[in-house]
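Dear colleague,

Please find below the structure that I am handing over to you. My findings follow it.

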Amino acid sequence: LAPYFAPRRLPEHVGSLAIIGLAGGTVARQYTAIYGPIPIDGVEIDPQVVRVGQQYFAMDAPNLTVAVQDGRTWLAHSSGRYDVIVLDAYRQPYIPFHLTTVEFFRDVRDHLTLNGVTAINVGRSRTDFRLVNALASTMREVFSNVFIIDVPTAFNSLVIGTVQRSNLIEYADNVTNLTDPRLLTVAERAAGRIREFKDPGPIFTDDQAPVEQMTDAIILRYMFGGE
């Protein structure tokens, strides 16, 4: 759903994708199934994960170009621009801190097209959203608008940033133009779980991004009876 948070977006406007944290290639397969053989650059730091994806998960689409590299390093040396950049990089359950900072998200924005969006997968518990809120407030330093989808039946949220100014009315208008039943099913699952983020919060920078500390606090609270 990430592309439809940008204003006036239709499925035919999605023409390129970058994935930082490719893993077995699930996101690449999903986008190819919906949008056709658009060019996709996938970045995965672990070559063994790439081999597993190619051997067991049919990660062999001709439109997918795989780079075995650290995501931020790859982005810094890339000249490409993308309609969507997805970040799903974990060393479970942690997001590498250097992929959560204002400086990193500025680089992401610089690699997006004029109507581009970025989406990052962020872990949480049922009630402890401190890491989600920290990432969202950091992204608000860079992107015009930030939206959150709380994924049902899961311990994570998607945080989405748009290059252009947008709002939930624009998103709703875009969704009314969808005809693919698979996209409509995803939109129905997300309904009622989407909000625009406007709250103040901590800002992660290259000098201070306590992702591990915050994640540990969420885990400990959950273990000792929190939600």
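Which residues does N145 touch, not counting residues up to four places away in sequence? In this predicted model, they are I160, G161, T162, Q164, R165, S166 and E196. N145 belongs to strand β6, which covers residues 145-150. With a relative accessibility of 9%, under the 20% cut-off, N145 counts as buried. Its contact with S166 includes a polar one: a polar atom of the N145 side chain lies 2.7 Å from the backbone nitrogen of S166.

Six of its six residues are buried, so β4 is largely enclosed by the rest of the structure. Strand β1 (residues 17-20) runs parallel to β4 and is joined to it by four bridges; here I20 has L87 as its bridge partner. Strand β5 (residues 112-123) is also parallel to β4, with five bridges between them, and V84 is partnered by V117 of β5.

Strand β4 also takes part in covering helix α1 (residues 26-35). The buried residues of α1 are A28, Y31 and Y35. Viewed down the helix axis, these residues fall within an arc of 70°, so they line one face of α1. In general, an α-helix has 3.6 residues a turn, so residues three or four places apart point the same way. Besides β4, the elements that cover this face include β1, β2 (40-44), β3 (64-68) and α7 (181-190). Just after α1, G36 adopts a positive phi of about 85°.

Yours sincerely

How values were computed
Residues are numbered from 1 along each chain as its sequence is written. This is a predicted model: local features need pLDDT of at least 70, side-chain atom pairs count only at pLDDT 80 or more; totals for chains, interfaces and linings use all residues. Side-chain values use heavy atoms; hydrogens and water are left out. Buried means under 20% relative accessible area, exposed over 50%, partly exposed in between (1.4 Å probe, protein chains only). Helices (H or I, at least four residues) and strands (E, at least two) are DSSP runs, numbered from the N terminus. Two strands pair if DSSP finds at least two bridges between them. A polar contact is a pair of N or O atoms within 3.5 Å; within protein, one must be able to donate a hydrogen and the other to accept it, and residues adjacent in sequence count only if both atoms are side-chain atoms. Contact means heavy atoms within 4.5 Å. The arc is that of the directions from the helix axis to the C-beta atoms.
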